Amino acid sequence: MQVQSTRGGSGADCREAVLKGLAPDGGLYVDDSLRERFFPWDEVLFLPPLKAAARILSHLLPDFENMDEIVQRSYAGKFDTPALTPLVRAGDHRILELFHGPTSAFKDVALSVLPVLMTEAKKADHDAGKTVILTATSGDTGKAALEGFHDVEGTGIIVFYPDGGVSPVQRAQMVTQPGKNVKVCAVSGNFDDCQNGVKRAFAALSENKELAASGCALSSANSINIGRLAPQTVYYFLAYRQLLDMDDIRLGDPVDFVVPTGNFGDILAAYQAKQMGLPVGKLICASNANRVLTDFFETGVYDRRREFLRTTSPSMDILISSNLERLLYLASDGAGAFVSACMKALAREGVYTVPEEIMARIREDFAAASCNEAQCAETIGRVWRECGYLADPHTAVALHAADKWKASGQAAKAIVTLSTASPFKFPGAVLSAIGEEAEGDEFSQMEQLSRITRLPIPQGLACLRGKDVRFSDVIDGSEIENYVLNTIRKGEI
Ligand SMILES: *Cc1c(COP(=O)(O)O)cnc(C)c1O
């Protein structure tokens with residue numbers, strides 16, 4: 001099956017798209033046939049989680065065979081609960097916990113699968129070369145990708161993170177990563193600088209003869225890769241099933257999902273679930289103080305010309321949400337030239353405007369709300385006091401948006417809020433939000449948080465302290481291209 005490029009250039013089959021990441025014209029691959037292709041969503045709901053995952057993934061990536069086996073290899077033994085993504089109650093809230101994987105962030109759900117998909121795609125294409133994964137991270141993707149790709153045959157991975165722009169725990173998770181095919185490097189600037197630098201390196205190196213001669217091909221583990229997006233679609237089905245089991249809804253009732261959003265990947269995966277037939281009402285895009293998307297949904301103007309704010313929810317500190325490009329393509333019925341013009345305007349002037357007619361279609365499926373730092377802390381404190389539920393700052397942004405959405409009077413009867421990280425990844429912010437004075441470094445703070453709340457520190461975080469730091473390079477965004485070449489030349493990955 002062919003997927004299309006959002007910029008109107010040539011398409012690719014799913015295996016090729018997973019291996020390449022980005023389309024050669026700079027666009028993102030997207031499946032514009034989801035709404036039409038039949039999918040028995042109501043049968044799939046009643047399968048066990050891994051079986052349901054395999055069916056959904058087969059539909060989204062039909063060029064892959066043995067999806068049952070791929071899913072088994074991806075998840076077996078990696079998550080601390082057989083439900084994979086449990087739905088829990090906290091007062092009136094229904095919270096879908098996505099952080100039960102090895103790195104305690106929701107990125108694990110997809111990055112457990114992507115390396116297996118890549119390995120399978122290479123096998124099918126008799127590709128003996130090395131796939132080098134370049135990843136820009138705002139904190140969580142980096143570690144989840146390292147965890148997924150380390151020591152995977154035929155791959156190497158280089159992760160770039162904004163220097164000072166990730167939490168100390170996130171940094172420690174990355175710079176202590178074992179494996180003989182991994183490299184981690186800090187980039188001066190913020191996440192957008194990092195992501196832009198990586199995109200530029202991709203473009204510059206796509207025709208590089210030295211790389212080609214060494215048998216290396218670049219790819220991406222960011223949510224621009226369709227192999228990242230597809231596994232994220234699965235848990236919207238799993239959430240729906242759990243609401244049925246709790247007697248919160250009846251089969252066919254619409255459910256709204258509130259999604260803490262950065263690069264717009266997670267919420268786009270929800271849109272895919274809706275296109276596949278799952279009864280999804282509205283998708284609420286929750287932003288932190290970097291509310292570029294909230295403004296976009298209100299006005300139709302996407303304007304990144306504003307101050308980049310560092311918040312306590314760093315994985316959402318983003319002004320350029322890559323995956324919005326996919327929504328523009330789908331909502332404009334595949335107008336590649338239009339999407340291309342928007343993206344050029346964004347790169348050149350930092351702003352683009354979407355015509356009202358397309359915005360009206362987008363607003364049928366999406367709404368948006370933002371949450372500032374004070375509201376985020378207030379939410380963590382209140383939900384802890386009133387419901388005994390400890391939310392991380394990203395989750396709190398979404399809980400705040402869920403409250404606003406409920407208060408608007410437009411909400412469906414059932415609302416699910418996505419929880420994307422363990423509170424123990426951000427112990428300082430969480431301690432202060434529940435009215436405690438954080439003590440010592442982040443590792444002491446984790447223990448303090450655990451003592452006070454009587455909740456256990458997730459295994460992967462508890463063992464970080466005292467691990468050797470393996471990576472300490474800091475470079476400028478403009479040096480990424482050379483850094484990649486040198487790393488490959490020296491055989492470091
Ligand atoms: C990546 C991330 C997000 C944002 O997800 P997108 O798919 O980029 O919108 C939210 N919360 C956490 C904890 C994350 O790691």
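How many bridges join strand β1 (residues 2–5) to β2? Two do, and the strands run antiparallel.

This is a predicted model, in which local features need pLDDT of at least 70, side-chain atom pairs count only at pLDDT 80 or more, and totals for chains, interfaces and linings use all residues. Residues are numbered from 1 along each chain as its sequence is written, and side-chain values use heavy atoms, with hydrogens and water left out.

**View 1. An open sheet of three strands has the order β2-β1-β3.** Its pairing is antiparallel. Strands are DSSP runs (E, at least two residues), numbered from the N terminus. Two strands pair if DSSP finds at least two bridges between them. Gln2 stands opposite Asp13 in β2. β2 (12–13) and β3 (29–30) each have a single partner strand, so one side of each lacks a neighbour in the sheet.

**View 2. Five strands make an open, parallel sheet.** The order is β9-β6-β7-β8-β16. At the edges stand β9 (216–220) and β16 (474–475), and each pairs on one side only. Five bridges link β6 (residues 130–136) to β9 in the parallel sense. Within this pair, Thr131 stands opposite Ala217 in β9. Strands of a sheet pair through backbone hydrogen bonds, either parallel or antiparallel.

**View 3. A shell of 15 residues surrounds the ligand.** The closest are Lys107, Asp140, Gly262, Asn263 and Thr420. The shell divides into five nonpolar, seven polar and three charged residues. Here Asp, Glu, Lys and Arg count as charged; Ala, Val, Leu, Ile, Met, Phe, Trp, Tyr, Cys and Pro as nonpolar; and the others, Gly among them, as polar.

View 4. Taken alone, the ligand exposes 390 Å², and the protein buries 98% of that. Accessible areas come from the Shrake-Rupley method with a 1.4 Å probe.

Key. A residue is near a molecule or strand if one of its heavy atoms lies within 4 Å of it. Helices (H or I, at least four residues) and strands (E, at least two) are DSSP runs, numbered from the N terminus.
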